[in-house]
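Hi,

Here is the structure I said I would pass on.

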Amino acid sequence: MKNTKGISPIVSDLLLATIVVAAFAIVYAATTGITTQMYNYFSDTFNRITEDLIIEEAYIKSGNETVTLYIRNIGEITSKITSIYCNGTLIDQVYGELTIKKNKLTVIKIKLSKKPSPYAPQEITIVTALGSKFTARLITQP
Amino acid sequence: MKKKASSTVLGSLLFIIIITSIAFSIFSTALDYQIAIKKYLKRQEEKKREKIEIIEIGKDDGNIQITIRNSGSIDVKIAAIYINHILIKTLEHVYIPAGNERKITLENISLSKGDYIKIVTDRGNFATYIVEKEP
């Protein structure tokens, strides 16, 4: 009769403790994942606000595919350039230091896919690792 | 009875800890966001207040001398000089107080009519000048 009534208090306590620990582990794992994602999202958003690059100088000469870009980091954090576009086309050939520390200048050479014609507008877009985009419009020198 | 009471207290404590953690997390995030926005706005405001102009290109002891005026309402730091779209010099400690002028000397540089000079500040503003007659 006693055996069929229920489990002993020690076993029940152990069982309860195990259930609580298991539940806590599940909740902790789930919330850690969510909070980490949230933290990363907000952290990237804050960093994007503080990120600022400018194309300080650039020169495109008609008939010359090679363009030199002088890019300065005027933001608050180190920026890493991941891609450069010209008139919406991804530039494959990019040479130079792509990680720019705060207040530093980098010289990047890019090779356009075709020779630019005189007075043709060229929209250069720089994309960083945080997803920020910085655009400058240049006119091809005759 | 005693066991029941302590579990209620523990439960309340746990609840308070959870709520405090969430509130702290939200408050901290909001504070970080506010700081980031404040820095961004300050940077934009300073950039708008900054204004420089090249007022003279001369020669001194055979070297090119560029006179720059800070006509804005904020101190400026000159960061780079370009001639004909090519970087000539990067500058580290050239500051001009608001309303003042400063001469920058370029050695081993010659200028001719039509040359394009660009002076850039560390906030990204710039002044340009086209040489009208050889200095």
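This is a predicted model: local features need pLDDT of at least 70, side-chain atom pairs count only at pLDDT 80 or more; totals for chains, interfaces and linings use all residues.

Residues are numbered from 1 along each chain as its sequence is written, while chains are lettered from A and ligands numbered from 1 in the order in which they are written.

Let's start with chain A. Its helix α2 covers residues 9-50 and holds T18(A) (helices are DSSP runs of H or I with at least four residues, strands are runs of E with at least two, and both are numbered from the N terminus). T18(A) counts as exposed because it has 10 C-beta neighbours inside 10 Å (exposed means 12 or fewer other C-beta atoms within 10 Å, buried means 20 or more, partly exposed is in between, and C-beta atoms are placed from the backbone). From T18(A) to Y39(A) you go 21 residues in sequence and 31 Å in space, C-alpha to C-alpha.

Chain A also has an open sheet of four strands in the order β1-β2-β7-β5, with antiparallel pairing (two strands pair if DSSP finds at least two bridges between them). β1 (53-59) and β5 (93-95) are at the edges with a single partner strand each, so one side of each has no neighbour in the sheet. β5(A) pairs with β7 (residues 105-111) over three bridges, and Q93(A) sits opposite K111(A) in β7(A).

Now the contact between the chains: 15 residues of chain A and 18 residues of chain B take part (in contact means C-beta atoms, placed from the backbone, within 7 Å). On the chain A side, α2, β1, β2 (66-73) and β7 each supply at least two residues.

What about the core? The largest nonpolar core has 35 residues, and L69(A), I71(A), I68(B) and I119(B) have the most contacts inside it (such a core is a set of buried Ala, Val, Leu, Ile, Met, Phe, Trp, Tyr and Cys residues joined through C-beta atoms within 7 Å). Strand β3 (residues 76-83) of chain B gives the most to this core, with seven residues. Leaving aside neighbours within four places in sequence, the contacts of I119(B) include I52(B), I78(B) and F126(B).

Cheers

Definitions and conventions: Two residues are in contact if their C-beta atoms, placed from the backbone, lie within 7 Å.
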